[in-house]
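Below are my notes, as numbered points, to read with the model open beside you.

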Amino acid sequence: MTGAALAAVAVGVILEDMRVFVAGGGVLAILVLFAVLGGKRRPAGGEPPVRRLALARVEDLRATGGESADVPVKFRLTVAPEPEDARPAYRVKTTQHINLVDLPAYRPRGIAVVEYRPDKPWDVRIVTRPTPEWSRRAEAAEIDSAPDSTLVSNPDVDEGSWCLLALLAFLAGAALVVLLFRGPLFTAANDEDTPPDSPSRSSSTSRTFTTSTTVSGPSSSLLTFGRMRATAMELESRVETGFVTEATIEDRRMTVSGDSARPPTETFHLQTLPYELFPALVREARTTLGVRTPETWRIDITPGTGDGVGPRVRVTVSGPEGTAHLDADATARITDRRAVGESG
């Protein structure tokens, strides 16, 4: 129910459907109310559980951390019930918070006073302040270790299984709601994936387009190896063609433009560009053209002159000293430079 309610809230927001949102939010509120009321409920009637004192041998103990005065300690004990319980000694594991001052009193093979429930022998608690009588008995007692086969545990508790079951139920509820609304959801997702400046068709044979994308996240710069080509492939899939008339690459943004009415000599294909060599061109422009503190860079790619020469690449860098650029051919070979202060 919780997974279905949360999924309904998310679906209502995505689809902008107030009915779905209110239904999911209402069910979620009811579940929270039941949880609060259930937590406040107290067991009515019945006698409190019977607890008895006994001596126990400390087989092993290990502090598991904590920064306060009371630290959680995992104990492995051999509990020796009193003769009137008619129960042999048995092993048990328990965790209890022990004050740092009292911790040295518990050591392997030492004897401690414990409190346990005969009907639930795994419910054992160490008595940190026993009576003088039990303290004397603990000092004089010797208890043999019980075999590991006598270890008892709560048969009703299996935290791993319960966690897995809760997770599967949560995912099942969420999946059920998503499947019920899969049609509108996927339609909405496709609408969101369509860029706002998607290709515009002027006729059945001619169209112009301009689209761009901004990269984000870890290693978001387009200078990261492989990011330029991957971004170019993404833009190519958006405009449904690889032939463009202009491409601009900045640190975190790439833009392409095209016109299907242009002849092939006035276009170039996005996948023919040597993107892997462009970072070296940017590095060359930022370090050799007199811009000592470059702040921005840009790569402009345009078609060739039509005489068999491929696309032309211009890398421009700007900083407090001014603007400079270098030109390269389709193989990223530098053909011209314009440093800061040079004309042309």
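**Notes on the predicted model**

1. Let me begin with a buried arginine: Arg-91 has a relative accessible area of 9%, where buried means under 20%, exposed over 50% and partly exposed in between, with a 1.4 Å probe and protein chains only. Arg-91 forms a salt bridge with Glu-59, and their closest N and O atoms are 4.0 Å apart. The term salt bridge is used here for a side-chain nitrogen of Lys or Arg within 4 Å of a carboxyl oxygen of Asp or Glu. Glu-59 also counts as buried, at 15% relative accessibility. The two residues are 32 apart in the chain, with Arg-91 in strand β3 (residues 90-99) and Glu-59 in strand β1 (residues 52-63).

2. A word on the basis of these notes: this is a predicted model, in which local features need pLDDT of at least 70 and side-chain atom pairs count only at pLDDT 80 or more, while totals for chains, interfaces and linings use all residues. Residues are numbered from 1 along each chain as its sequence is written, and side-chain values use heavy atoms, leaving out hydrogens and water.

3. Now the overall picture. The chain has seven helices and 15 strands; these are DSSP runs numbered from the N terminus, helices being H or I of at least four residues and strands E of at least two. Of its 344 residues, 33% count as buried. Among contacts (heavy atoms within 4.5 Å) between residues at least 6 apart in sequence, 59% join residues at least 24 apart.

4. Which residues have the most contacts inside the largest nonpolar core? They are Ile-249, Tyr-275, Phe-278, Ile-299 and Ile-301, in a core of 33 residues. Such a core is a set of buried Ala, Val, Leu, Ile, Met, Phe, Trp, Tyr and Cys residues joined through side-chain atoms within 4.5 Å. Elements that each supply at least two of its residues include α6 (227-239), α7 (278-288) and β12 (296-302). A second, separate core has 18 residues, among them Val-92, Ala-112, Tyr-116 and Val-124.

5. Leaving aside residues up to four places away in sequence, Ile-301 touches several residues, including Ile-249, Phe-268, Leu-273, Phe-278 and Val-313.

6. Back to salt bridges, of which a search of the whole structure finds 20. Arg-314 and Asp-327 meet through their side chains at 2.7 Å, N to O. Arg-314 lies in strand β13 and Asp-327 in strand β14, so this pair ties together parts that are 13 residues apart in sequence. Arg-314 is partly exposed at 36% relative accessibility, whereas Asp-327 is buried at 13%.

7. Arg-252 and Asp-251 also pair through their side chains, again with 2.7 Å from N to O. Here Arg-252 counts as partly exposed at 43% relative accessibility, and Asp-251 counts as partly exposed at 25%. Elsewhere, Arg-51, Glu-115, Asp-123 and Arg-125 are linked in a network of salt bridges.

8. Finally, please look at helix α1 (residues 2-15). Its 14 residues reach 20 Å from the first C-alpha to the last, close to the 20 Å expected at 1.5 Å a residue, the expected span being 1.5 Å times one less than the number of residues. Buried positions in α1 include Ala-4, Ala-8, Val-11 and Gly-12. Just after α1, Glu-16 takes a positive phi of about 55 degrees.
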